[in-house]
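Please take me through this structure as a guided tour in the viewer, telling me what to select at each stop and what is to be found there.

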Amino acid sequence: MPAQLLATHRVEKPWGRHRLWPGFDDPAEGSEPIGEIWFQTPGDAAPDLLIKYLFTSEKLSVQVHPDDRAAHLRGLPRGKDECWVILAAEPDSTIALGPRERVESDALRNAAIDGSIEEMLDWKPVRAGDVLYAPSGTVHAIGAGLTLIEVQQNSETTYRLYDYGRPRELHLDDGIAVADLDPWVPAPAPGAVEPGRSILVEGPKFILERWEGGDRVVRLPHGVTGWLIPVRGVGDVDGVAWQAGECVTLTGSAVVSASEDSDLLFAYPGDARI
Ligand SMILES: O=P(O)(O)OC[C@H]1O[C@](O)(CO)[C@@H](O)[C@@H]1O
(Lines give C-alpha, C1' and ligand atoms only; values in the text may rest on other atoms or scores of the structure.)
Protein backbone atom coordinates (compact mmCIF):
# COMPACT_ATOMS: atom_id res chain seq x y z
CA MET A 1 0.00 0.00 0.00
CA PRO A 2 1.41 3.43 -0.86
CA ALA A 3 2.02 6.17 1.66
CA GLN A 4 -1.24 7.50 3.06
CA LEU A 5 -1.89 10.91 4.60
CA LEU A 6 -4.20 10.36 7.59
CA ALA A 7 -7.37 12.33 8.32
CA THR A 8 -7.73 14.01 11.71
CA HIS A 9 -10.43 13.56 14.33
CA ARG A 10 -10.85 16.31 16.95
CA VAL A 11 -11.91 15.29 20.47
CA GLU A 12 -13.49 17.71 22.96
CA LYS A 13 -12.22 17.31 26.53
CA PRO A 14 -12.92 19.26 29.74
CA TRP A 15 -9.14 19.64 30.19
CA GLY A 16 -8.55 20.77 26.57
CA ARG A 17 -7.80 24.21 25.11
CA HIS A 18 -8.99 26.90 22.72
CA ARG A 19 -5.43 27.76 21.58
CA LEU A 20 -3.98 24.64 20.02
CA TRP A 21 -0.72 24.48 18.09
CA PRO A 22 0.61 25.74 14.73
CA GLY A 23 -1.02 23.71 11.97
CA PHE A 24 -4.26 23.05 13.89
CA ASP A 25 -7.36 25.28 13.72
CA ASP A 26 -8.42 26.71 17.08
CA PRO A 27 -11.98 25.90 18.19
CA ALA A 28 -14.41 28.84 18.24
CA GLU A 29 -14.61 30.88 21.44
CA GLY A 30 -17.52 29.59 23.52
CA SER A 31 -17.31 26.07 22.07
CA GLU A 32 -16.01 23.11 24.04
CA PRO A 33 -12.21 22.97 24.35
CA ILE A 34 -10.33 20.50 22.16
CA GLY A 35 -8.06 18.13 24.09
CA GLU A 36 -6.98 15.64 21.47
CA ILE A 37 -6.45 15.29 17.74
CA TRP A 38 -6.25 11.72 16.51
CA PHE A 39 -4.84 10.52 13.19
CA GLN A 40 -7.26 8.02 11.76
CA THR A 41 -6.52 5.13 9.48
CA PRO A 42 -9.23 4.87 6.80
CA GLY A 43 -11.61 1.90 6.56
CA ASP A 44 -12.34 -0.73 9.16
CA ALA A 45 -8.71 -1.63 9.78
CA ALA A 46 -7.67 -1.51 13.44
CA PRO A 47 -3.94 -0.84 13.20
CA ASP A 48 -1.55 -1.58 16.06
CA LEU A 49 -0.79 2.04 16.92
CA LEU A 50 -2.66 5.30 17.31
CA ILE A 51 -1.05 8.73 17.15
CA LYS A 52 -2.58 11.73 18.93
CA TYR A 53 -1.71 15.34 19.74
CA LEU A 54 -2.79 16.38 23.26
CA PHE A 55 -3.40 20.00 24.33
CA THR A 56 -3.93 20.43 28.07
CA SER A 57 -5.08 23.36 30.21
CA GLU A 58 -5.94 21.22 33.27
CA LYS A 59 -4.87 17.85 34.61
CA LEU A 60 -6.20 14.72 32.89
CA SER A 61 -7.84 12.09 35.07
CA VAL A 62 -5.69 9.85 37.28
CA GLN A 63 -5.98 6.67 35.23
CA VAL A 64 -4.54 3.33 34.28
CA HIS A 65 -4.75 1.08 31.22
CA PRO A 66 -4.83 -2.75 31.04
CA ASP A 67 -1.94 -4.66 29.48
CA ASP A 68 -2.38 -7.10 26.56
CA ARG A 69 -3.14 -10.01 28.89
CA ALA A 70 -5.80 -8.20 30.92
CA ALA A 71 -7.27 -6.75 27.71
CA HIS A 72 -7.47 -10.19 26.04
CA LEU A 73 -9.28 -11.59 29.09
CA ARG A 74 -11.91 -8.91 28.43
CA GLY A 75 -12.11 -9.76 24.72
CA LEU A 76 -10.27 -6.55 23.80
CA PRO A 77 -7.64 -6.66 21.03
CA ARG A 78 -4.73 -5.20 23.00
CA GLY A 79 -3.60 -3.28 26.05
CA LYS A 80 -2.36 0.28 26.03
CA ASP A 81 1.29 1.15 26.51
CA GLU A 82 1.80 4.79 25.61
CA CYS A 83 4.56 7.32 25.26
CA TRP A 84 4.65 11.09 25.22
CA VAL A 85 6.97 13.41 23.33
CA ILE A 86 6.68 16.84 24.92
CA LEU A 87 6.50 19.67 22.36
CA ALA A 88 5.81 22.54 24.78
CA ALA A 89 5.43 22.86 28.53
CA GLU A 90 4.64 25.67 30.97
CA PRO A 91 7.51 26.17 33.46
CA ASP A 92 5.59 24.31 36.20
CA SER A 93 4.13 21.50 34.05
CA THR A 94 4.27 17.97 35.42
CA ILE A 95 3.17 14.41 34.60
CA ALA A 96 2.39 11.91 37.35
CA LEU A 97 3.86 8.44 36.82
CA GLY A 98 3.26 5.74 39.41
CA PRO A 99 3.18 6.00 43.21
CA ARG A 100 6.12 7.68 44.99
CA GLU A 101 6.50 4.52 47.12
CA ARG A 102 5.08 1.02 46.87
CA VAL A 103 1.42 1.05 47.83
CA GLU A 104 -1.02 -1.77 48.62
CA SER A 105 -4.13 -2.02 46.48
CA ASP A 106 -6.53 -1.24 49.33
CA ALA A 107 -4.61 1.93 50.12
CA LEU A 108 -4.61 2.92 46.43
CA ARG A 109 -8.33 2.34 46.25
CA ASN A 110 -9.04 4.39 49.39
CA ALA A 111 -6.80 7.19 48.13
CA ALA A 112 -8.71 7.24 44.84
CA ILE A 113 -11.98 7.52 46.77
CA ASP A 114 -10.87 10.35 49.09
CA GLY A 115 -8.73 12.16 46.47
CA SER A 116 -5.41 11.75 48.29
CA ILE A 117 -4.23 9.66 45.30
CA GLU A 118 -3.10 12.97 43.77
CA GLU A 119 -0.46 13.40 46.50
CA MET A 120 0.42 9.71 46.45
CA LEU A 121 1.69 9.95 42.86
CA ASP A 122 5.12 10.99 41.63
CA TRP A 123 4.53 14.27 39.70
CA LYS A 124 7.60 14.70 37.51
CA PRO A 125 8.56 18.09 36.07
CA VAL A 126 8.58 17.92 32.26
CA ARG A 127 9.84 20.23 29.54
CA ALA A 128 9.93 20.41 25.75
CA GLY A 129 11.97 17.56 24.29
CA ASP A 130 11.31 15.08 27.10
CA VAL A 131 10.11 11.58 26.14
CA LEU A 132 8.30 9.39 28.69
CA TYR A 133 7.13 5.80 28.22
CA ALA A 134 4.21 4.65 30.38
CA PRO A 135 3.75 0.86 30.25
CA SER A 136 0.17 -0.28 30.72
CA GLY A 137 -0.51 -0.71 34.43
CA THR A 138 1.19 2.60 35.27
CA VAL A 139 -1.13 4.82 37.30
CA HIS A 140 -0.64 8.20 35.63
CA ALA A 141 -2.03 11.65 34.99
CA ILE A 142 -0.86 14.15 32.40
CA GLY A 143 -0.67 17.64 33.90
CA ALA A 144 -1.77 21.10 32.72
CA GLY A 145 -0.02 23.41 30.26
CA LEU A 146 1.32 20.74 27.94
CA THR A 147 1.34 20.15 24.20
CA LEU A 148 2.54 16.68 23.36
CA ILE A 149 2.45 13.88 20.82
CA GLU A 150 1.18 10.57 22.15
CA VAL A 151 2.16 7.29 20.50
CA GLN A 152 0.06 4.47 21.92
CA GLN A 153 -1.12 0.97 21.29
CA ASN A 154 -4.43 1.37 19.49
CA SER A 155 -6.81 0.99 22.43
CA GLU A 156 -9.26 3.34 24.08
CA THR A 157 -9.59 1.36 27.31
CA THR A 158 -8.92 3.87 30.09
CA TYR A 159 -9.83 3.09 33.70
CA ARG A 160 -10.30 6.39 35.53
CA LEU A 161 -9.44 6.24 39.24
CA TYR A 162 -9.93 9.89 40.14
CA ASP A 163 -11.14 12.95 38.24
CA TYR A 164 -10.88 15.90 40.72
CA GLY A 165 -14.66 16.01 41.16
CA ARG A 166 -15.41 16.32 37.43
CA PRO A 167 -18.68 14.53 36.66
CA ARG A 168 -17.18 11.76 34.54
CA GLU A 169 -17.45 8.02 35.07
CA LEU A 170 -14.81 6.30 37.24
CA HIS A 171 -13.70 2.66 36.93
CA LEU A 172 -12.27 1.87 40.36
CA ASP A 173 -12.55 -1.92 40.41
CA ASP A 174 -11.18 -2.37 36.90
CA GLY A 175 -8.41 0.16 37.47
CA ILE A 176 -7.19 -1.14 40.82
CA ALA A 177 -7.13 -4.70 39.39
CA VAL A 178 -4.59 -3.75 36.68
CA ALA A 179 -2.58 -1.06 38.54
CA ASP A 180 1.16 -1.48 39.07
CA LEU A 181 1.67 -0.84 42.80
CA ASP A 182 5.40 -0.07 42.54
CA PRO A 183 7.05 3.21 41.52
CA TRP A 184 7.47 3.82 37.78
CA VAL A 185 10.93 3.13 36.40
CA PRO A 186 12.00 4.89 33.18
CA ALA A 187 12.71 2.53 30.29
CA PRO A 188 16.27 2.74 28.91
CA ALA A 189 16.48 3.95 25.29
CA PRO A 190 19.50 3.76 22.94
CA GLY A 191 19.40 7.45 21.88
CA ALA A 192 21.57 8.44 18.88
CA VAL A 193 22.49 5.38 16.75
CA GLU A 194 23.72 7.15 13.60
CA PRO A 195 23.93 10.75 12.34
CA GLY A 196 20.43 12.23 12.30
CA ARG A 197 18.79 9.14 13.80
CA SER A 198 17.87 8.53 17.48
CA ILE A 199 15.88 5.71 19.03
CA LEU A 200 13.59 7.26 21.66
CA VAL A 201 11.69 4.09 22.53
CA GLU A 202 12.76 0.51 21.84
CA GLY A 203 9.84 -1.71 22.77
CA PRO A 204 8.25 -3.56 24.27
CA LYS A 205 5.19 -2.58 22.23
CA PHE A 206 6.56 -0.15 19.65
CA ILE A 207 9.69 1.57 18.41
CA LEU A 208 9.85 5.35 18.24
CA GLU A 209 12.61 6.96 16.20
CA ARG A 210 13.50 10.64 15.77
CA TRP A 211 15.06 11.79 12.48
CA GLU A 212 16.62 15.00 11.22
CA GLY A 213 15.99 16.29 7.67
CA GLY A 214 17.45 14.84 4.47
CA ASP A 215 16.62 11.77 2.36
CA ARG A 216 16.18 8.40 4.04
CA VAL A 217 15.26 4.95 2.68
CA VAL A 218 12.79 3.15 4.92
CA ARG A 219 12.32 -0.61 4.62
CA LEU A 220 9.51 -2.01 6.73
CA PRO A 221 9.09 -5.77 7.12
CA HIS A 222 6.11 -7.36 5.36
CA GLY A 223 2.85 -6.61 7.18
CA VAL A 224 4.33 -3.84 9.36
CA THR A 225 2.97 -0.29 9.12
CA GLY A 226 5.06 2.74 10.07
CA TRP A 227 3.70 6.14 11.16
CA LEU A 228 5.65 9.23 10.02
CA ILE A 229 4.90 12.17 12.31
CA PRO A 230 6.56 15.40 11.13
CA VAL A 231 7.02 17.78 14.08
CA ARG A 232 8.80 20.40 11.95
CA GLY A 233 9.53 20.77 8.24
CA VAL A 234 8.02 19.70 4.93
CA GLY A 235 8.72 16.90 2.51
CA ASP A 236 7.31 13.96 0.61
CA VAL A 237 7.26 10.19 0.61
CA ASP A 238 6.13 7.96 -2.26
CA GLY A 239 4.65 11.01 -4.04
CA VAL A 240 2.66 12.11 -0.96
CA ALA A 241 3.54 15.61 0.28
CA TRP A 242 3.53 16.16 4.06
CA GLN A 243 4.14 18.98 6.50
CA ALA A 244 4.46 19.47 10.24
CA GLY A 245 1.26 18.61 12.12
CA GLU A 246 0.29 15.81 9.72
CA CYS A 247 0.80 12.05 9.88
CA VAL A 248 1.50 9.58 7.06
CA THR A 249 1.42 5.78 7.22
CA LEU A 250 3.94 3.76 5.22
CA THR A 251 4.36 0.10 4.31
CA GLY A 252 7.10 -1.71 2.39
CA SER A 253 10.00 0.41 1.09
CA ALA A 254 9.89 4.14 0.59
CA VAL A 255 12.18 7.16 0.33
CA VAL A 256 11.32 9.91 2.81
CA SER A 257 12.58 13.32 1.62
CA ALA A 258 12.55 15.95 4.34
CA SER A 259 13.58 19.63 4.33
CA GLU A 260 16.89 20.26 6.14
CA ASP A 261 15.15 21.88 9.13
CA SER A 262 12.89 18.84 9.65
CA ASP A 263 12.27 17.09 12.95
CA LEU A 264 10.48 13.77 12.33
CA LEU A 265 9.12 11.03 14.53
CA PHE A 266 8.69 7.55 13.09
CA ALA A 267 6.80 4.84 15.00
CA TYR A 268 6.15 1.17 14.23
CA PRO A 269 4.94 -1.78 16.32
CA GLY A 270 7.20 -4.42 17.84
CA ASP A 271 10.39 -4.41 19.90
CA ALA A 272 13.03 -4.64 17.17
CA ARG A 273 14.35 -1.65 15.31
CA ILE A 274 14.30 -1.91 11.47
O1 LIG B 1 -10.02 10.30 30.89
P2 LIG B 1 -9.32 11.52 30.38
O3 LIG B 1 -8.85 12.40 31.49
O4 LIG B 1 -10.11 12.27 29.36
O5 LIG B 1 -8.01 11.00 29.66
C6 LIG B 1 -8.06 10.12 28.54
C7 LIG B 1 -6.81 10.28 27.76
O8 LIG B 1 -5.68 9.98 28.56
C9 LIG B 1 -4.73 9.27 27.77
O10 LIG B 1 -4.80 7.90 28.11
C11 LIG B 1 -3.32 9.79 28.04
O12 LIG B 1 -2.95 9.48 29.37
C13 LIG B 1 -5.20 9.45 26.34
O14 LIG B 1 -4.78 8.47 25.43
C15 LIG B 1 -6.69 9.40 26.55
O16 LIG B 1 -7.43 9.81 25.44
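Leaving aside its neighbours within four places in sequence, which residues is histidine 171 in contact with? Bear in mind that this is a predicted model, and begin by selecting histidine 171, which sits in the loop between strand 12 (159-162) and helix 4 (172-178). Once the neighbours within four places in sequence are set aside, the residues in contact with histidine 171 are Thr158, Tyr159, Arg160 and Leu161. Histidine 171 counts as buried because its relative accessible area is 18%, and the cut-off for that word is under 20%.

Next, select the ligand together with the residues around it. The ligand is surrounded by 18 residues, and the closest of these are Glu36, Gln63, Glu150, Arg160 and Arg168.

Now turn to individual side chains. In glutamate 36, a side-chain N or O atom is 2.5 Å from an oxygen atom of the ligand, and for glutamate 150 the distance between a side-chain N or O atom and a ligand oxygen atom is 2.5 Å. Select histidine 65 as well, where a polar side-chain atom lies 3.1 Å from an oxygen atom of the ligand. Of the 400 Å² of accessible area that the ligand has on its own, the protein covers 98%.

For the last stop, select the elements that each give two or more residues to the shell around the ligand, namely strand 2 (7-17), strand 6 (82-89), strand 10 (140-142) and strand 11 (146-153).

Technical notes:
Residues numbered from 1 in each chain as written. Predicted model: local features only at pLDDT ≥ 70, side-chain atom pairs only at ≥ 80, totals over all residues. Heavy atoms only, no water. Near = heavy atom within 4 Å. Polar contact = N/O pair within 3.5 Å; in protein donor to acceptor, adjacent residues only side chain to side chain. Areas by Shrake-Rupley, 256 points an atom, 1.4 Å probe, with all protein chains shown as cover. Helix = DSSP H or I, 4+ residues; strand = E, 2+ residues; numbered from the N terminus. Buried < 20%, exposed > 50% of the residue type's maximum accessible area, 1.4 Å probe, protein only. Contact = heavy atoms within 4.5 Å.
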